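Subject: Handing over the structure

Hello,

Here is the structure I promised to pass on to you. Please have a look at it first, and then read my notes below.

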Amino acid sequence: MKKLLAVLLALTLVLSMSAVAFAAEDGKITIWTWDPNFNIASMKIGADMYHVDHPDVEIEIQEVQSEDIETAVAQAAVAGDLSTLPDIMLCQDNSFQKMVINYPEVYTDITDKYDFEGFGEAKAAYSTVEGRHYGIPFDAGTVVAAYRTDYLAEAGYTVADLTDITWTEFAEKAKEIKEKTGKPVFCTQAGSGDWILIMIQSCGASMFTEEGAVNLKDNEAIKAAITVYADLVKQGIILETNSWDEMIGTLANGSVCGTFNGCWILGSIMATADQSGKWDITNLPSLEGIEGATHYSNNGGSSWAITQGTDVDLALDFMQLYRNVDFYNAILPTTSAIATFAPAKEAPNYTAVNEFMGSPVFATIVEYGMSVPSNITGAYYYDARNAMATAITNYINGADLDSELAQAEDTVNFAMGF
Amino acid sequence: MSNSEQTKKPGMTMERRRSLTGWLFLLPGSVLIVWMSFYPMVRAFLVSLMRGKPTALEYSEPLWRNYQYMFKDKVFLTSLKNTFTYLIIQVPVMLVLALIFASLLNQKDLKLKGLFRTCIFLPCATALVSYSIVFRTLFAYDGFINAILVKANLLKEPVNWLNDPTGAKAVIILALIWRWTGYNMVFYLSSMQSIDYSIYEAARIDGASPFTQLTKITMPLLKPIILVTAIMSTNGTLQLYDESVALTNGGPANASITMSHYIYNTTFVTSPNFGYAAAMSFMILIMVAILSAIQMKVGDKR
């Protein structure tokens, strides 16, 4: 027994030492990212492409969830030891500025080291702080309205009827669709505030002013968006689910007529093979009476950050992939990760007709993406988002919108006042 | 004189050596506790007096600023209210249920005792997050509970349990009771087994009903262990986190968020504020201390 224990102890010691030796080896890139079917799959394809010219660089891709990456960054920064972090890590666009502003010692300023020509401006803005770039843009979160064409036909509509319309027109048509099909038109996760953020960004509005002050209670775009949303929820046109998986479930079960989300939702739609040929996408309804209202918006998406103190040149050399049209062309069929690098839209896989959707949806989405107005996130994005989501829920349950928004603004100001 | 001194001296060293050995044995544990537990506590307290960016914390002006802010923070006050709602409803219900189950399972002539005990204790063996997700699925809009209630004509149309402020809280309380009743029951059961059965027999001969037996014999004899479970449950409920995150995600509109969940949000979800988060955790510590003191005062009459 004693012997066994000693052997085990020695073994762990040797193993942990070899792990240390491994990490110190040159020519190795460690990458943290999440979602095996999306980010990880595309990084694997990228690694294979890089290995063609650089066979001796070892690339290790580790699956780490987005919130765990943020926690690990916080811990490493506070402990003052960045050696626990990988060379390259993915970061949600909405969190990017928060992370860079709070943990500047972790993120490498790559403004002069990487060429940002060709990336969508609104996209690159997410990982820019005070005019300096800290992130390499990856996937688009361009919003699409996707509909079940068979359900629409049942109600006597086509996707063309729902293209380039306003929310008021949408509400009228959706009411009829709901009556005839007996199904809610869209589905969303309750209390997430996603829809409101999509709607206000489609007008180029934000929860913050240019100077970074919170802007909720006197924000006409937010008020209009919340009113529209609450009305649709009350009429049962939008079904609110409690969790993300429940929402995906409604799509897979066909219990709603469509979805309204970042284009990455297509990955989940296309996962249900029996619905092939029954879907099509279009742009979003626009908010009436709001200046700068468009039919295009953004939801989600992420960018790559490079950790300070690592072999930055090697990492950047690898990341040249993200300026390579062939790479975007290669990852599209398996991941449906859509580029924010404009030249990619000419790639063959983008211009080809997608079998599932029946049209070249990806080229359409890249085109939509070019018209998305940019918005302001900042360090307090999630503070504002949580406060606003609370206001929305309370408003739907009968509270007064103005006082709820004023209270939400107070909550954010409170957090900013520290 | 010298003789007695000589006999005394080795005795002193012997005693000293013994106590020294004792201290030596205590040393590794004490050092570890001080290093891993007390030192972080002191640091956390210092952090709770600070403000600023996570890597550039400075002492705030005035020092107790973070504590002052807490009483103006509406979300914190909501989370405090929620946590106490859970505490006030869940702990008594759970402890009474545990006591009832324990006395039922302590019956001498009960068959399949082992099976029942395992069944009631089993929920404790499930991971916090997984059972939360199971409850979330059960109470989903198109979930099992709604399906049953609608089919049985108890409800006209499905209720969106988790999207209703009261419903969400009720589901969390229900989940907590399911998860922890068995755990507390085991404590009661083990100490009930040390109560001599002849006491019950004597009581029954005197004509005491099962209820009288429970309140007049079992409960007084179990008092110390009831006190322990009450303190543990209070402590556990005040630090509730997993259920709030995994079951309801604090929603709708913070109606079910707990203090620990809010502390996590302030540290890792929104723009990080370590000082304020540390101050809030010390608030929980103070509340646990006060509540435990009250319970000891009320429960322990020795």
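**An exposed leucine in a loop**

B:Leu112 counts as exposed because its relative accessibility is 58%; exposed means over 50% relative accessible area, buried under 20%, and partly exposed in between, with a 1.4 Å probe and protein chains only. B:Leu112 lies in the loop between helix H3 (74–105) and helix H4 (113–121) of chain B. Helices here are DSSP runs of H or I with at least four residues, strands are runs of E with at least two, and both are numbered from the N terminus. The phi of B:Leu112 is near 55 degrees, a positive value in a residue other than glycine. Most residues other than glycine have a negative phi, and most peptide bonds are trans.

Before going further, a word on how to read all this. This is a predicted model, in which local features need pLDDT of at least 70 and side-chain atom pairs count only at pLDDT 80 or more, while totals for chains, interfaces and linings use all residues. Residues are numbered from 1 along each chain as its sequence is written, chains are lettered from A and ligands numbered from 1 in the order in which they are written, and side-chain values use heavy atoms, leaving out hydrogens and water.

**More on chain B**

Chain B has 12 helices and two strands. Along the sequence they follow the pattern α-β-β-α-α-α-α-α-α-α-α-α-α-α. Chain B is more spread out than a compact globule, because its radius of gyration is 26 Å, well over the 19 Å that the globule rule gives for 302 residues. That radius is taken over C-alpha atoms, and the rule is 2.2 Å times the number of residues to the power 0.38. The C-alpha trace of chain B spans about 100 × 70 × 30 Å along its principal axes.

Of the 302 residues in chain B, 38% are buried. The chain exposes about 17,600 Å², and carbon and sulfur atoms supply 69% of this; the areas come from the Shrake-Rupley method with a 1.4 Å probe, and for residues only the protein chains shown count as cover.

Four residues from domain 1 of chain B and five residues from domain 2 of chain B take part in the contact, where contact means heavy atoms within 4.5 Å.

Two other places in chain B are worth a look. A cis peptide bond, with omega at about -5 degrees, joins B:Glu61 and B:Pro62. B:Pro62 sits in the loop between strand S2 (58–59) and helix H2 (65–70) of chain B. Is B:Ser191 buried or exposed? B:Ser191 counts as buried, because its relative accessibility is 17%. B:Ser191 belongs to helix H7 (residues 165–192) of chain B, and, leaving aside neighbours within four places in sequence, B:Ser191 is in contact with B:Leu222 and B:Ile225.

**Over to chain A**

Chain A contains 17 helices and 12 strands. Its radius of gyration of 23 Å agrees with the compact globule, which would have a value near 22 Å with 418 residues. The C-alpha trace of chain A spans about 75 × 55 × 50 Å along its principal axes, and buried residues make up 56% of the 418 residues. Of the contacts in chain A with a separation of 6 or more, 75% are between residues 24 or more positions apart.

In chain A, the assignment gives domain 1 (27–141 + 300–363) and domain 2 (143–297 + 380–416). Their centres, over C-alpha atoms, are 28 Å apart, and 19 residues of domain 1 of chain A are in contact with 22 residues of domain 2 of chain A.

Helix H8 (residues 194–201) of chain A is mostly covered, with eight of its eight residues buried. Among them are A:Trp195, A:Ile196 and A:Met199.

Finally, A:Asp164 is not a glycine, yet has a positive phi of about 55 degrees. A:Asp164 is in the loop between helix H6 (149–154) and helix H7 (167–181) of chain A.

Best wishes

Note on methods: Domains from an automatic or database assignment.
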